[in-house]
Amino acid sequence: GMAKLFTRVTDQRQSANLMQTPLSKLIPRLSRTILNVPYILVEYKPAFGHIFAEYLTSYSHWGYSDLDVVFGDISRWIDDEEWNEYDIVTYGFGDQDKLYLRGQFTFHRNDPIKINQLWRHCKYLSEMDVRYDSNNPEKVTFESAEGCYSQAVIRRKDIRVKWAVKAFTDVGENGPIYSQGVYLSLGSPPSLTSSSSYVPKSVLYTAASSNVDEGKVLQNLSTNWFEDKSQYPKYGETNLSIQKYVGERTKVQTYRTLYEQNGDESAKDVKCMYWAPKTYQMDICTVDGNVGSDEVVVLEKGVLYKQKFVERKKLFPEGIRSFPFFHFQEWKRIYRTTQLLPSHNVRQANHMAGLIITKEGTLPLFTPSFSSSWKLHHSWSSHIASSWTSADTGSTSVRPSVNRFCLKSIPKGHPKGATSCTVAASWPRSPGADYGSTSLGDSASVTILRSPAKKQQLSKLKMSSVRGRKADSKTGSWWDEKLVDANNDVTLALTLQITSAHMKDESMVRNLLSLADSNIFHWGCRQPSILLIHVDSSNEEDAALLKNTLKLIRDTFAPPSNDDATTTSSTSSTTHLKNSLVAVIDSYETTISRKGLLNMATFAAATRWIVSGLELERGLVLSREASVYAGRQAKAYADMTGHVFVLPQFASTRDDTRDDGGGGETGEHRYPEGRVIYSVVGADLLPSIRGKQTMRSNLSEYDCVRCEEEDDGYVDDGVDDEAESHGRRLSDAHPSSSAEMNVDELLEDLWWDLSVADVYGTPGGFNGASETSVGAMAKIHDRIEVSLVSLLDRKGEHLEYLRYFDKSPILMIDRLGPKKEMMTLDLAPEVENFGGRACFHLLRLAQLATLGYKVSVLPGAFAASYPNTREALCNESIRESSTSQCDCELDSESTITQILMDEVKRTAKVAVLMNEVDARLLNSQ
């Protein structure tokens, strides 16, 4: 359809029977080109007025822009002169010494006869049939519209054109945006008295310079300053132009006029634009020094003129600069998807004042207000319709997440720190959403095997495994609202990677699936769970292994074949799965980023609270009452946002044989029938476990494939060498302690004391009076926070500990941050580029602590591997053929360093903004 529409540029040749390539061949050739190189569509911008003529009949103007532009109050910047006196107006950022019509923003008077036909001078458009002729020896290459079309316009003597200086860009690192960022304020949300046509403004502004004092003005300025008619009345006078001319108007000299008037042959060699062919440059390039950055250029009767301009005074606050749009020219080259998540739903979240756009990503724009925290006191607070559910890009019970998740990335090389995503995946989208093929050649496909949603809702859901694009669906979400309490339930998000090495041993695949099944079983069907399984499909030589693996997954988790794949019907053996979302991702990669998988799984959760991070590949299983403890904590903190609770993880030296359910002494019991569920211990045994020291903290010591070579003379004597530090009580852990403890030990000590106290039902587990225990607990929380924040200084031992910490933290996270502008999933997701078994696992927890989240532990809940679960996942074949990457998978230290620096800076900037807003609020009291 689109290709056929764009062939309208050959309409005159069609009428004259001059088509060198008939439409029957031209349309499919153009269609293939668009699919393979979508960027080629920008070539057609000059002809949009003609191509889309029937859609423009009721409009006075039409224009074009780019995807790398964020708009502010554009209507306030277009003045009456531009609307009424010019045929074409284009906005630049001070580089109008190059007279090209900017692709980022150019608008035209809608004149179908003359203005909308100016592009016909460009043969790459008007003679497109020649260009796409299969007999044409020249290969179809990209042609920038900013070259040929600009020349065509400049050579006209019967139109008026204006090159204005109004845009803003990230070119040049000395500007205020690098130190202060770009503020995007959304204005006041509509009120009860607003008319149905009310459209809130979007205003862009920054400090006028990098001066520290002007930066303070920016931070102290009301985010809705432009609505204050008493302070800034001129801004509201829409008939008053923002810029005004000063001085005399003089002629502009291009290299074309230099050649024609003076015969200067060197003018033919000029090239001021690397992206446009040399053919057009004599007309587009002005003679060096001829046009300044503070001069507007106009074309009238074939003559180019320039004139200086200034901005009117008292339109904007002192020390502030505003602009109609911001053009990303440099930052877009290094942005990763997760850095921009806070911007996706900013309009839907009425509590958001706007954004601050920085080189490190988008940040929330805080407003000093006594109502800066979330309002959760509602009679319907447990209902899915809570106000926060529209605020982040995660799923709810009525809509899925539409994010794209990067599962594999490689360094670009330039610019520094930039990466390319080579494998991506997305959850199926809701109905009516358009989708197309991706530019990623090796994108993953997603198939949902099971969903809690009602059968009648999902029977139309087509689970086609479409590689590289978002599968279409006929439903809003996969969850059943009757089974999900958005505010009080806790979703367990699990991920699993099955490699080709696993597939060679069917029992290994079965054991991995049983571990996932066991965690869901122990979590229980009362609370929702998500299982996202990645399957390596790179071994095309043995397709039977892949087919068998997929069958095993379906047999374990998919509903009976006579039902639809998403039905909620269940048998006695699948009752525990009725509130579970299970999906399979397959890609041509042996391993992918576990952090990318974690993000994808957590963003599918429909609840405010999410537990994630458990490494199934290590044989870890949650404790029996983990779900109960998590649910209890969610209810206890229902009205307190911004909390993170850590679940410790251990390697048990003993299997649980208290209740084998008929499975013998293996520690397994078969329940439900036909399923292998690994038995685990619960919190009731914690006091005795601690005394016997049968739970070890060092998981790597028990890994099937170790990241570091161990001393050949190592002998496990059954004694925990860290028992003394593990046995420390809260009252002994204080800032003056001579023995420095790392954050993992601090959290584990706190968890042991709180968990044992919980089992006893008294504060006796603290070995002290209640007041002393509370004081000690406060001190240990302070030490945990300081220890986590200090990891982001990227120095010495802190950096090494941050990078090589080899356990993926199991976290129960609140999607609501400490302030109402903070959404946890968007503000602090896992860094998907940091794949590998030991690659900055603690970074997210350190970021959350720096952002003001209260980090503590979840008493009574833990995960552990047992001898039988570890043995189930380990054999000689796995040891020999494992391709697990122990360090970061990115093969570039400079890229790793830059990504870490960007993550630290982004977090630090948010923390500073929060502190400044709090200080302003405190000073106002």
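**View A. Phe142 in its loop.** In this predicted model, Phe142 sits in the loop between α8 (128-131) and α9 (145-154); helices are DSSP runs of H or I with at least four residues, strands runs of E with at least two, numbered from the N terminus. Phe142 counts as partly exposed because its relative accessibility is 40% (buried means under 20%, exposed over 50%, partly exposed in between, with a 1.4 Å probe and protein chains only). Together with Val37 and Tyr39, Phe142 makes a nonpolar surface patch of about 320 Å².

**View B. Asp68 meets Lys332.** Here the closest N and O atoms of the salt bridge are 2.5 Å apart (a side-chain nitrogen of Lys or Arg within 4 Å of a carboxyl oxygen of Asp or Glu). The pair links distant parts of the chain, 264 residues apart: Asp68 in the loop between β1 (61-65) and β2 (69-71), Lys332 in the loop between β13 (325-327) and β14 (354-358). Asp68 is buried at 15% relative accessible area, while Lys332 is partly exposed at 38%.

**View C. Lys166 and Glu82.** This salt bridge has its closest N and O atoms 2.8 Å apart. Lys166 lies in the loop between β5 (160-165) and β6 (168-169) and Glu82 in helix α6 (residues 80-85), so the pair ties together parts 84 residues apart in sequence. Both residues are buried. Look around them for the salt-bridge network that links Asp79, Glu81, Glu82, Lys162 and Lys166.

**Notes.** Residues are numbered from 1 along each chain as its sequence is written, and side-chain values use heavy atoms, leaving out hydrogens and water. Local features need pLDDT of at least 70 and side-chain atom pairs count only at pLDDT 80 or more, whereas totals for chains, interfaces and linings use all residues.

Methods
Patch = residues over 30% accessible without salt bridge, like charges linked within 9 Å, V, L, I, M, F, W, Y side chains within 5 Å. Areas by Shrake-Rupley, 256 points an atom, 1.4 Å probe, with all protein chains shown as cover.
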